[in-house]
Number of protein chains: 2
Amino acid sequence: MTMHYTPPLRDFAFVLDEVLQAPQVLRALPAHAEIDGELMRQVLEEAGRFAAHVVAPLNAIGDREGCRFERGMVSTPLGFAQAYAQFCEAGWPALACAPEHGGQGLPHVLDCALYEMLSAANHGWTMYPGLLHGAYACLAAHGAPELQARYLEKIASGQWLATMCLTEAQAGSDLGQLRTRALPQADGSYRLTGDKIFISGGEHDLTDNIVHLVLARLPDALPGSKGLSLLLAPRVLPDGSRNGVQCTGIEHKMGIHGSATCSLHFENAQAWMVGEPGRGLAAMFVMMNAARLHVGAQGVGLAEAAWQRAMAYAKERRQSRAPGAAGTDVILRHPAVQKLLMEQRCRIEGARLLTCWAGLLLDLAEHDSDATLRRRHHERLEFITPVIKAFLTDQGFQCASRALQVFGGHGYVVETGIEQFMRDARITMIYEGTNEIQAIDFLMRKVLADDGRRLHDFLALVEADIDGAAGLVEQGRLLKDAVDNLSRFAIGITDAAREKPVLPYYVADEMLRLTGHVALGWMWLRAGRRALSALDSDPAWYGSKRDAACYHFAFVFAEVQQLSSVIEGCLTTGLPPLPTDLDHHAAQEAG
Amino acid sequence: MTMHYTPPLRDFAFVLDEVLQAPQVLRALPAHAEIDGELMRQVLEEAGRFAAHVVAPLNAIGDREGCRFERGMVSTPLGFAQAYAQFCEAGWPALACAPEHGGQGLPHVLDCALYEMLSAANHGWTMYPGLLHGAYACLAAHGAPELQARYLEKIASGQWLATMCLTEAQAGSDLGQLRTRALPQADGSYRLTGDKIFISGGEHDLTDNIVHLVLARLPDALPGSKGLSLLLAPRVLPDGSRNGVQCTGIEHKMGIHGSATCSLHFENAQAWMVGEPGRGLAAMFVMMNAARLHVGAQGVGLAEAAWQRAMAYAKERRQSRAPGAAGTDVILRHPAVQKLLMEQRCRIEGARLLTCWAGLLLDLAEHDSDATLRRRHHERLEFITPVIKAFLTDQGFQCASRALQVFGGHGYVVETGIEQFMRDARITMIYEGTNEIQAIDFLMRKVLADDGRRLHDFLALVEADIDGAAGLVEQGRLLKDAVDNLSRFAIGITDAAREKPVLPYYVADEMLRLTGHVALGWMWLRAGRRALSALDSDPAWYGSKRDAACYHFAFVFAEVQQLSSVIEGCLTTGLPPLPTDLDHHAAQEAG
């Protein structure tokens, strides 16, 4: 049984060249006039080779060994540092950074694909470079020129890694409760004091400096999240001395053991403001949106890697007679196993289309020559980002769990190597904003806040594609029904919220998932039709893709019925009453 | 924050006394003429106290320490052996065993409740006594008198523990591939040789003898599962010498670390036939059905325990302003958290009703004075067993994952103690027959094999209750629609299978889950109506229960729409074509 990771290069080519026509889209942008399909394929091939040959072999050992913490220092698992050095040598950190800062200036969509493959190969390892591009983008957008001069190239090259220091013990989803203080100094710098927890890569042995981006509060700051500022505090100061930041421990976690999740104590640490004082959240959100897109891609990568192992096992393991077969058969021939595998495949391939579509939006939002279009692409990206983060990580975890199920009892045994994917994938539903927070962000800010304008812009794209080509007529009809429902529900929720402002919060999750299914259905409709039109050129490959599109609509897409039924019910008969304390023990404990 | 386990005694009283009227049902049986509600309450109170005070405190340490294997011996985690000794002293193993074999002769429904609470308190520990009653029932039904005399009382008292030795490396779901051999000896005994894996409690330090029930093949046996016999091989022989069975290792697993999952090597081990040669599976299935019911109860218990922790955290953790609130609020006031918690509560309380209903069926099937009724109860139990096993363990795992989600990032940290429940719960979807196998068993053997007779018997019970009482009219209508769909689908699948015999295998999972929702909806309808009628006596408690019933139908029950849509689609437009090898990499690898 082959247990390595095979980069899904053929599928990336299908997604980028054939469905999204990424080379044409990108070439229309002045910054990417040189891009062609061949170049993109070469980059992905190299990226895939790196993920499969350098990073994937360290995945199991990273889980087994984990990180060690001793006297303020963190040692990463054996091989991690060397792989990271190779990563930098090959120029991967700089992939989507601007040439003027030492970057390669390649499109973001390739960065998304790179991170899908890295996460598939080794989620724990990928956490270290994972925040690199976000920190780069944040500094590039908001950093003062001196700060950029000092840090941008080092970050772009990967020579120094970066962190996002947000969470404190009392402030998780609610950043307004942050207590870390920044005191202004005469020289224009600041002194930071406070305690942060859950800082990925807060301390490690991969680079000699770490650039911390820290949310903190100035002495005269407003209370709540409006009073937050973003500051940069390096582990090592420009004069080579250690800054006042100390790792006080690392978490013992369910998964991603190779990633050091640190508690950091800042004590009079020297720091510099990034962006305007009091505008820290806005500056930080430059990181957060790209980060959330990458988290969605992690969901896809983890599901893909788990799926590959389950496929390999299903092709090899013989158990029982399949229906209609003569003797015992490989379990791949058993309908129950086929269903587990096909559902994963549909969710993964649809999700890959969606993350790549969003990656292209990031390129368009940055580089379109028309400012109006840039804004529209940016709005589309903002609209779809919470859906990608929440929907694709929910299903990434589900897919990893289903991959485990294919192995039966062997899946529960650590040495088999599949259960790690499920444990690793679980965090993606939580970090960078829990999936519940994503749903509220999506419905309240991205749908209701502008009376559904962005929703209708998105649905118009979907509808244009439903009507715009032939094939998969029945699937197009199913998708159209869901589009109509979604549109109707948005209006219904707006109306109902006037009388009952709390109502949207109770259907936010369903609205996000319904939108996720519409987005995935849209992608599968496009993929299925492309497969139909190219069928003659490679009947096996395109036939398989067309069949997957049909399977998606027959089995996976049906969840829209459940979601629509819940929302419809809440709109027509109102929210069910909630028990005051929700608790079935209350009476007993009181008694 | 209180992290202990609170036995849900008030809810058990509601389920048993008020909804299922268990005391009346049981008193009608000659064997249980002495049972009353007060006695049942006392037993459950004691059971709850044992689970909460003796077993629960060992849960985290069992996970952390795990079992140790050294030179063929297994040490269980600190405290496990002492807790087991207390368990035996208090007479819990004998709870539902017959008085003539030293048992207490109490109803099975109490045993179900006991095992829900034990699993909630400590799943790993509960694995040891978990098979005790199954082995007892198997021996009581099929063992020769000498064998019964030698082993029944020791098992009933818990003095000796038992195992089920089925799985071999090449034979998991497919027992027909078993290779372990049993050679007949002149004295009527047998000699066993072969290797078994995944044997829970195959070796440990809780009892000085272990009674292995082993599936094996006689020299002249038919090939496949018809050639299997069941044999009893004790670790220690009647003369006090060690038998030829050796533990060769224990598994390193995702969860239930406190439970020793052993590989056993039998080498010329002395053994005795249980039941008829070649009828081993039939004898084993006496164990399997009770075991599957208990696995369903494990799903409920693990979900309950995880839910309790999430509730406690949600009542204490302050983050952000809830909609409509003035300042930061405990997260229990946030709709997104309320939804996570209410869905768990609905699934748990509905499931508790269902397992207790099935536990009562077990009592009725054993003790009804009318043989025709005994058979009917037995058939009902057989019908619902795969649903309970698969549906309740799927949702048990989901509930544990949602409980983890309530904790946010803290949920991913081992010390918080919640992630263990998710890891532990994951095995319940696999062992005692994977949930996929349950679905096939359900649809092929329990629904289609007798042209839907058992399904219609079950649905008639549900319909009688829909029409039989007032209140929750709209919910009753939703349930009736699902009943009608299920009935129609069974006929449609039978018809479609004539032309396409493979079709049922592709909708087996959906049919099982649809039946599971009908069963849970049925239970919630009964619970909700009972709550309505008792509202005046305790408005807070019954009001909360009524609200939960409404919540269940508004949010949880809606999954029937998805399931019905999938089945309907497969029946009307046919199965979607499946790609020949399911694989999106195949073409690439070939090329």
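**Helix packing and burial, term by term**

Modeller: Let's start with α19(B): the cover over its buried residues includes α18 (539-556) and α19 (559-572) of chain A, plus α11 (335-367), α16 (473-499), α17 (503-533) and α18 (539-556) of chain B. Bear in mind that this is a predicted model, where local features need pLDDT of at least 70 and side-chain atom pairs count only at pLDDT 80 or more, while totals for chains, interfaces and linings use all residues. Residues are numbered from 1 along each chain as its sequence is written, chains are lettered from A and ligands numbered from 1 in the order in which they are written, and side-chain values use heavy atoms, leaving out hydrogens and water.

Biologist: Which residues of α19(B) are buried?

Modeller: E559(B), V560(B), Q562(B), L563(B), S564(B), V566(B), I567(B) and C570(B). The helix itself is a DSSP run (H or I, at least four residues; strands are E, at least two), numbered from the N terminus.

Biologist: Why is Q338(A) called buried?

Modeller: Buried means under 20% relative accessible area, exposed over 50% and partly exposed in between, with a 1.4 Å probe and protein chains only. Q338(A) has 6%, so it counts as buried. Its place is in helix α11 (residues 335-367) of chain A. Leaving aside residues up to four places away in sequence, Q338(A) touches L332(A), R333(A), Y506(B), L578(B) and L582(B), where contact means heavy atoms within 4.5 Å.

Biologist: And what makes G574(B) partly exposed?

Modeller: Its relative accessibility is 28%. G574(B) sits in the loop between α19 and α20 (586-590) of chain B, and just after α19(B) it takes a positive phi of about 85°.

Biologist: How do you know that the length of α15(A) agrees with its residue count?

Modeller: The expected span is 1.5 Å times one less than the number of residues. For the 16 residues of α15(A), 453-468, that should be 22 Å, and the end C-alpha atoms are 22 Å apart, so the two agree.

Biologist: What makes α12(B) and α13(B) roughly antiparallel?

Modeller: Axes are lines fitted to C-alpha atoms, for helices over the stretch in contact, and angles run from 0 to 180 degrees between N-to-C directions. The axes of α12(B) (371-406) and α13(B) (419-426) come within 8 Å and cross at roughly 165°. Under 35 degrees is roughly parallel, over 145 roughly antiparallel, 65 to 115 roughly perpendicular and the rest oblique. That makes the pair roughly antiparallel.

Biologist: Then why is α6(A) called oblique to α10(A)?

Modeller: Helix α6(A) (108-121) and helix α10(A) (280-316) pack at about 45°, with axes 7 Å apart, which makes α6(A) oblique to α10(A).

Biologist: Is the crossing of α6(A) and α10(A) left-handed or right-handed?

Modeller: Right-handed, whereas α12(B) passes α13(B) in a left-handed crossing. Left-handed means the near helix is turned anticlockwise from the far one by less than a right angle, right-handed clockwise.
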